[in-house]
Amino acid sequence: MDQNEAPLVDALAEYHRLDRYGFTPPGHRQGHGADPRVRAVLGEQRFRSDVLASAGLDSRSSSGGYLKKAEQLMAEAVGAEQAFFSTCGSSLSVKAAVLAVAAGKGDLLVSRDAHKSIVAGLVFSGIQPRWIQPRWDPELHLAHPPSPADVEQMWNRYPDAAGCLIVSPTPYGTCADIAAIAAVCHDRGKPLIVDEAWGAHLPFHDDLPTWAMDAGADICVVSVHKMGAGFEQGSVYHLQGDLVDPAHLSACADLLMTTSPNSILYSAIDGWRRQMVQHGAELLGNALALSRRLRTDIEALPGFHVLEDELLAVESSYDLDRMQVLIDLSGLGISGYQAADWLRDTHRIDMGLSDHRRIMATLSMADDEATATRLTDALRALADAAPTMTPPPPVALPAPHELELETAVLPRDAFFGPTEDVPTAEAVGRVAAEQITPYPPGIPAIVPGEVINAAVIDYLESGLRAGMVLPDPADPALTTIRVLQK
């Protein structure tokens, strides 16, 4: 195929050249009906490009095949057998993968550091998760991906599970040994799903961690908007091998996705693929060089420590995406929550992640010396301001074994069962009927169906006082928790 083509982008240009007009949605009619005040903020071209995918960008029967060709080009570009575009984010794509592999088949091995969207897939499907515990780092208090031995141990316990799902890279940029884990799964004739939402860029530069398809995964899901140049919600899920039926995977996605996909999102994914094929090695090479310099510059600032070597060891992570710059603030005596808020309020900079002791700067190929200097200048000012800040409230960090909650009920049965809201202190020992997820990074501390313990309650309550955000529970202030009725 000609990777210099971008069929969706070209089709949109042709739509405008022919001056097409649709008596169809969207009702703003390429912006003519939109409020001028909104057009001034969002841009004329954004509205002009928002056209119906079928009976608009393409014919009513999609006879032009623009989307199909764009997906084929993507698959060829990254070395997958098939690729499918999604305009509902990787949250949809990973749910589709879960449904296609395990729905109606019982169990699925799932890394417990899974994103909340995966838990949603468990709720939808009625699947029994068999949690693979990640390697909790008690010193850094973060989760490393499971090892191949961890996965093999779980297969020995649950040999009839339908497949395995892991997250790599994690929100902290650390990566699993995907090739070895895929081999463990394939020895049993079972598929491996990789939630690689943070890894869309990985196929396009040799100095980045191994791309899941190259490592033998059967399905991998990427968010083009995270580390690529797509719009928010743009996602691609990739497939290879014969362990997952592509027609069934597509049908599962169709159950979940909108019937009105956004042509702008599709076209941005298509154009980004072409850009990466043509210029990705150079662009990402420049970004990696910038990351190395930025890491050195931040490490030299008083009170800051950039995590790298301590994230990579036999008992921790297999690899690291160094475009994710994880910064420990313990030397400043402030929390990541405080730092993120201060940087936003005083320097108009938003950080990619914050927790009780760290912030993360997520670099992309769009960053340059100017943006890097803006960050280091802001961090230098943060170091000067830190002594004037009130020391953060302590967060009660559980021991690793205290984070391993017992699953007593299927997530679906707990979520849809008869529930009651009880005072948080009375929730200990009860079965959760909602998920509670510190965000970011979006990994649930409590999943529906799990038995709540006191240590996790203390962690969440103390985290809230320190600045943690909990968007999931019915009561975000956590004065009550929704549990199954006795």
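Because the model is predicted, local features were considered at pLDDT of at least 70 and side-chain atom pairs at pLDDT 80 or more, whereas totals for chains, interfaces and linings use all residues. Residues are numbered from 1 along each chain as its sequence is written, and side-chain values rest on heavy atoms, with hydrogens and water left out.

An open sheet of 7 strands was found, in which the order is β1-β10-β9-β8-β6-β2-β3 and the pairing is mixed. Two strands are taken to pair if DSSP finds at least two bridges between them. The edges of the sheet are formed by β1 (82–86) and β3 (128–132); each has a single partner strand, so one side of each lacks a neighbour in the sheet. On average, and with direction ignored, neighbouring strands of this sheet are turned by 20° against each other. Such angles run from 0 to 180 degrees between N-to-C directions, and axes are lines fitted to C-alpha atoms, for helices over the stretch in contact.

Contact here means heavy atoms within 4.5 Å.

Strand β1 is mostly covered, since 4 of its 5 residues are buried. Burial is expressed as relative accessible area (buried under 20%, exposed over 50%, partly exposed in between; 1.4 Å probe, protein chains only).

The packing of helices was also examined. Two packed helices are described by the angle between their axes and the distance between the axes. Helix α5 (residues 89–102) and helix α6 (residues 116–125) pack at an angle of about 45°, and their axes are 8 Å apart. The two helices α5 and α6 are therefore oblique to each other; angles under 35 degrees count as roughly parallel, over 145 as roughly antiparallel, 65 to 115 as roughly perpendicular and the rest as oblique. The crossing of α5 and α6 is right-handed, meaning that the near helix is turned clockwise from the far one by less than a right angle. In this contact, S91, V94, K95, V98 and L99 of α5 meet S117, I118, A120, G121, F124 and S125 of α6.

The structure contains 19 salt bridges, each defined as a side-chain nitrogen of Lys or Arg within 4 Å of a carboxyl oxygen of Asp or Glu. One of them joins E308 to R295, with an N to O distance of 3.1 Å. E308 lies in the loop between β11 (305–306) and β12 (319–320), and R295 in helix α11 (residues 263–299), so this pair ties together parts that are 13 residues apart in sequence. E308 is partly exposed at 22% relative accessible area, whereas R295 is buried at 7%. R295, E308 and R322 are linked in a network of salt bridges. R39 and E44 form another salt bridge, their closest N and O atoms being 3.3 Å apart; R39 is buried at 17% relative accessibility, while E44 is exposed at 52%. In the bridge between D350 and R344 the closest N and O atoms are 2.9 Å apart, and D350 is exposed at 53%.

Several backbone features were noted in loops. Most residues other than glycine have a negative phi, and most peptide bonds are trans. A cis peptide bond joins P25 and P26, with omega about -5°, and P26 is located in the loop between α1 (7–17) and α2 (36–42). S168 and P169 are likewise joined by a cis peptide bond, with omega about 0°; P169 is located in the loop between β6 (164–167) and β7 (174–175). S62, in the loop between α3 (44–48) and α4 (66–78), has a positive phi near 55° and is partly exposed at 33% relative accessibility. L478, in the loop between α15 (454–466) and β17 (480–484), has a positive phi near 60° and is buried at 2% relative accessibility.
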